[in-house]
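Please look at the sequence and model first.

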Amino acid sequence: MTPDGTAPLVDPKYSMRDVTKDVLAPMFKFPPLGWHLAFGFAQMVFMIGLIVVVIQMRRGLGILGINNPVGWGIYITDFVFWVGIGHAGTLISAILFLFRQKWRTAINRSAEAMTIFAVMCAGLFPLLHVGRTWKAFWLIPYPNERLLWVNFRSPLVWDVFAVSTYATISMLFWYTGLIPDLATARDQAKNKIQKVLYGTFAMGWTGSTRDWAHYERAYAQFAWLATPLVLSVHSVVSFDFATSMIPGWHTTIFPPYFVAGAIFSGFGMVITLLVPMRKLLKLEHYITMNHLDICNKVILTTSCLVGYAYISEFFIAWYSENPYEQAQFLYRAFGAHAWAFWIMFSCNVFIPQLFWSRRIRRSLVAMFIISIFVNVGMWFERFNIFILSLEKDFLPVSWAYFKPTMFDIGMTLGSFGLFFTLFLAFSRTLPTLAMAELKTVLHKPNAGGADRRFQVLSWPRRTEPGNKEGS
């Protein structure tokens, strides 16, 4: 037990040397068959999306199911879904760091990588949705001979600034945390190419006191920057809808509703990624059942918040006595797309309640299946908000049923293929756990060394340049 009476986060028999060896092993050894199968399948699914992109570039947006009035369709549904996943990763990592939550060491690196890849997937959809993708750079304000300037009142421009700023900060936050571990990879590299590559990206890290001092300062600053940025960016994305007059969108609950949903979906995706990853890469000793149990408790809590938001929307629609709002929410629950609403409600509110059972929270199979349902439910949440509100607005003459085509579905699947391809490539080429942080929570960091009962959360300091551990 630790001095504060809690169980150690990592089995006390593991030392710093074990952490280095186990976390770097997937990078320097031939990957297992399961990794190859997963990577091959992800690439196949990604190819479906790539084929859709090629066809769309040749034939235009007419291949999609968008119509009048549902002009945004599946692409914007996918965009907001991936933005939500992307926002959750940095939010999880940064907030847990600021609150000194030691258990973040098991999930922060994967969550940050998830953010980068999800934002990349999200960025594809507005580019594709503008139709002439090669003209998308017109969304960026720059002096030009045509005297063209962007419309700053357009939510599309808000997204350009919000998402690009967020992607930049998230990338820097992720990369800063990687530097000590890249130095360790450089020192443990098996050949010259690996040594050069990891050494280049380690930026000359020596592990000196000066390096650690700069590192601590920079990492903390990025954490402080990222946390409010995540909240503001997701609020801006929600303003795309909340500032309109469309029934079902014109509501002030959207910003907190979107942020809670982002945390909910983010932890759902983290569980989806970590459960197979810890098995494939043999990291069960570092991503323990206690870590996953805490993640599942967060999913349960945010599920209740999301459910409260759903019910509040219905209450406000009834209480406002606005006939258009009331008609919209009745349409969601009992209209032509009611099946989508009930899938959303079941996956996001009912199914996560199973986590009240400790036995289910600590069952790998159960938590993996529930996390899949959470991802499905969050995608349908976006579908309900965007598609159903546009299908039925004010005038019956403008109502139209939206029916996605195989190209809509193919592009959605392709984005999942891209996401998992990138994540699997990450798990093969970079440390999937933050080794430098993980070593700070070991019960006995130096096996056979001094009897140190417990090391508090502080960055390890090394002053010996050239030390093989590197961190």
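At what angle do helix H11 and helix H13 pack?

## Basis

This is a predicted model, in which local features need pLDDT of at least 70, side-chain atom pairs count only at pLDDT 80 or more, and totals for chains, interfaces and linings use all residues. Residues are numbered from 1 along each chain as its sequence is written, and side-chain values use heavy atoms, with hydrogens and water left out.

## H11 and H13

Helix H11 (residues 338-350) and helix H13 (residues 364-391) pack at about 140°, with axes 8 Å apart. H11 is therefore oblique to H13 (angles under 35 degrees are roughly parallel, over 145 roughly antiparallel, 65 to 115 roughly perpendicular, the rest oblique). Helices are DSSP runs (H or I, at least four residues), numbered from the N terminus. Axes are lines fitted to C-alpha atoms over the stretch in contact, and angles run from 0 to 180 degrees between N-to-C directions.

Contact means heavy atoms within 4.5 Å. Residues making this contact include Trp339 and Phe341 of H11 and Phe373 and Phe380 of H13.

## Nonpolar core

The largest nonpolar core has 128 residues (buried Ala, Val, Leu, Ile, Met, Phe, Trp, Tyr and Cys joined through side-chain atoms within 4.5 Å). Helix H3 (residues 73-98) gives the largest share, 15 residues. Ile107 is among the residues with the most contacts inside the core.

## Two loop residues

Met203 lies between helices H6 and H7, and Lys282 between H8 and H9. Phi is near 55° for Met203 and near 55° for Lys282. Met203 counts as exposed at 58% relative accessibility, and Lys282 at 62% (buried is under 20% relative accessible area, exposed over 50%, partly exposed in between; 1.4 Å probe, protein chains only).
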